[in-house]
Amino acid sequence: MQNKIKAAITAVGMYVPDKVLDNKYFESIVDTNDEWIKTRTGISERRLMENGATSDMAVYAIEDMLKDKNFDRDEIDVIIVSTVTPDMFFPATACLVQEKIGANNAWGFDLSAACSGFLFALQTGASLIESGRYKKVIVVGSDKMSAITDYTDRNTCILFGDAASAVLLEPTEDDKYGIHDSILRVDGKGKEALYMKAGGSALPASHETVDNKLHYIYQDGKAVFKVAVKGMADVSVEIMEKNNLHSDEVAYLVPHQANLRIIDATAQRMGLSKDKVMINIDKYGNTTAATIPLCLTEYYRDGKLKKGDNLVLAAFGAGYTWGSMYLTWGMD
Ligand code: UT7
């Protein structure tokens, strides 16, 4: 009997724009302060993409990922772009990325699952590898959140940042490594707690929607916080139990970075100490689809993430969408 094909991450890359917006900057534009932002969210800084779009950031992250890889770009089978800030409604950002990186034989698509987008895209990419039909799948989370942020709204503008990060998925020869399992969920009851009110087919763009600032992120922070803190912890514990994974065997929780308090609560429920949690919210804020791969890239390049490390990835976002994933890191 043939062994089941498993998918593993075999390369990582990232892009963050140079321009830094620190908490002091926000003190100068809205009624807020450094102390409130740090204690309520854990954020000190975030990045701003001044020139360029989501596809450009995705391309920079992919180029960073491929710089040490010696294969022909014609070998890339699929490009999945997770984003809530596509360059435009259509064509898909994946098409723009395909052309810019010269992946002549690839197909691809955008995946919209907000802050859980990378997790959903990674599972989708892994399933394509597991099918046996595809050998090289790029999954990139890229979000230019500044394009949909109202910089007069203190409830949301301090939270988000721009960034992109990519991973390459390939079949693994050693099935100790790679993506073992995931638990993914959606619940449309959350649809009005975190969303962009206008611009879609329900409420197309008009002078009125622009005047009423309906093309920006709207969030009922308190409502989302309550479900996020439970949702993210529940699925993280569930995936450990399902796979008989004890907290001693988990090298890192790799959580979506929306709020340090949500992350801390999840780690606590999993029985993990703070040193076993990947964090970048302090430097980049909430970069939506990019938070998790950014963590993986930076911790790997810093030598803190090693071959054989068991990881639990977890996210919660608009929709609602949420989920967890269990994988073993296979890169030397
Ligand atoms: O990423 C996808 C999913 N999203 C999340 O997981 C985000 C979940 N929610 C959160 O992280 C938090 O709810 C926030 C960080 C968004 C807000 O923190 P909070 O502790 O829930 O604050 P709050 O919304 O309950 O507001 C508390 C107070 C309010 O004032 P009053 O009504 O008590 O007088 C707000 O107006 O803080 C005020 N406030 C601020 N004050 C200073 C809200 N934003 C700010 C601000 N600076 N930037």
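First, the ground rules. The model is predicted, so local features need pLDDT of at least 70, side-chain atom pairs count only at pLDDT 80 or more, and totals for chains, interfaces and linings use all residues. Residues are numbered from 1 along each chain as its sequence is written, and side-chain values use heavy atoms, with hydrogens and water left out.

Let's start with salt bridges. A salt bridge here is a side-chain nitrogen of Lys or Arg within 4 Å of a carboxyl oxygen of Asp or Glu. How many salt bridges does a search of the whole structure find? The search finds 20. I'll show some of them.

Take Arg73 and Glu63. Their side chains meet in a salt bridge, at 2.9 Å from N to O. This pair links distant parts of the chain. Glu63 sits in helix 3 (54-66), while Arg73 is in the loop between helix 3 and strand 4 (78-82), ten residues apart. A word on those names: helices (H or I, at least four residues) and strands (E, at least two) are DSSP runs, numbered from the N terminus. Arg73 is partly exposed at 24% relative accessible area. Glu63 is partly exposed too, at 30%. For the cut-offs: buried means under 20% relative accessible area, exposed means over 50%, and partly exposed lies in between (1.4 Å probe, protein chains only).

Next, Asp264 and Lys274. Their salt bridge is 3.4 Å, N to O. Again the pair links distant parts of the chain, ten residues apart. Asp264 is in helix 9 (residues 260-270), and Lys274 is in the loop between helix 9 and helix 10 (281-284). Buried or exposed: which is Lys274? Lys274 is exposed, with a relative accessible area of 64%. Asp264 is partly exposed, at 30%.

Then Lys189 and Asp187. In this salt bridge, the closest N and O atoms are 3.7 Å apart. Lys189 is exposed at 72% relative accessibility, and Asp187 is partly exposed at 24%.

One more on this topic. Asp64, Lys67 and Arg301 are linked in a network of salt bridges.

Now to helix packing. Two packed helices are described by the angle between their axes and the distance between the axes. The axes are lines fitted to C-alpha atoms, for helices over the stretch in contact, and angles run from 0 to 180 degrees between N-to-C directions.

Look at helix 3 and helix 4 (residues 93-101). They pack at an angle of about 45°, with axes 9 Å apart. That makes helix 3 oblique to helix 4. The scale: under 35 degrees is roughly parallel, over 145 roughly antiparallel, 65 to 115 roughly perpendicular, and the rest oblique. The crossing is right-handed. Which residues make the contact? Helix 3 contributes several, including Ala58, Val59, Ile62 and Glu63. Helix 4 brings Leu96, Val97 and Lys100, among others. Contact means heavy atoms within 4.5 Å. The contact residues divide into six nonpolar, three polar and three charged. Here Ala, Val, Leu, Ile, Met, Phe, Trp, Tyr, Cys and Pro count as nonpolar, Asp, Glu, Lys and Arg as charged, and the others, Gly among them, as polar.

On to helix 8 (residues 221-242) and helix 9. The angle is about 30°, and the axes are 9 Å apart. The two helices are therefore roughly parallel to each other. Their crossing is right-handed. The tally is ten nonpolar, two polar and four charged.

Last topic: the backbone. Most residues other than glycine have a negative phi, and most peptide bonds are trans. Here are some that depart from that.

A cis peptide bond joins Phe90 and Pro91, with omega about 0°. Pro91 lies in the loop between strand 4 and helix 4. The bond from Gly319 to Tyr320 is also cis, with omega near 0°. Tyr320 is in the loop between strand 12 (310-317) and strand 13 (321-328).

Then phi. Lys213, not a glycine, has a positive phi of about 55°. Lys213 is in the loop between helix 7 (207-211) and strand 10 (217-219), and is partly exposed at 41%. Thr288 also has a positive phi, near 55°. Thr288 is in the loop between helix 10 and helix 11 (291-301). Thr288 is buried, at 2% relative accessible area.

Notes: Left-handed = near helix turned anticlockwise from the far one by under 90°.
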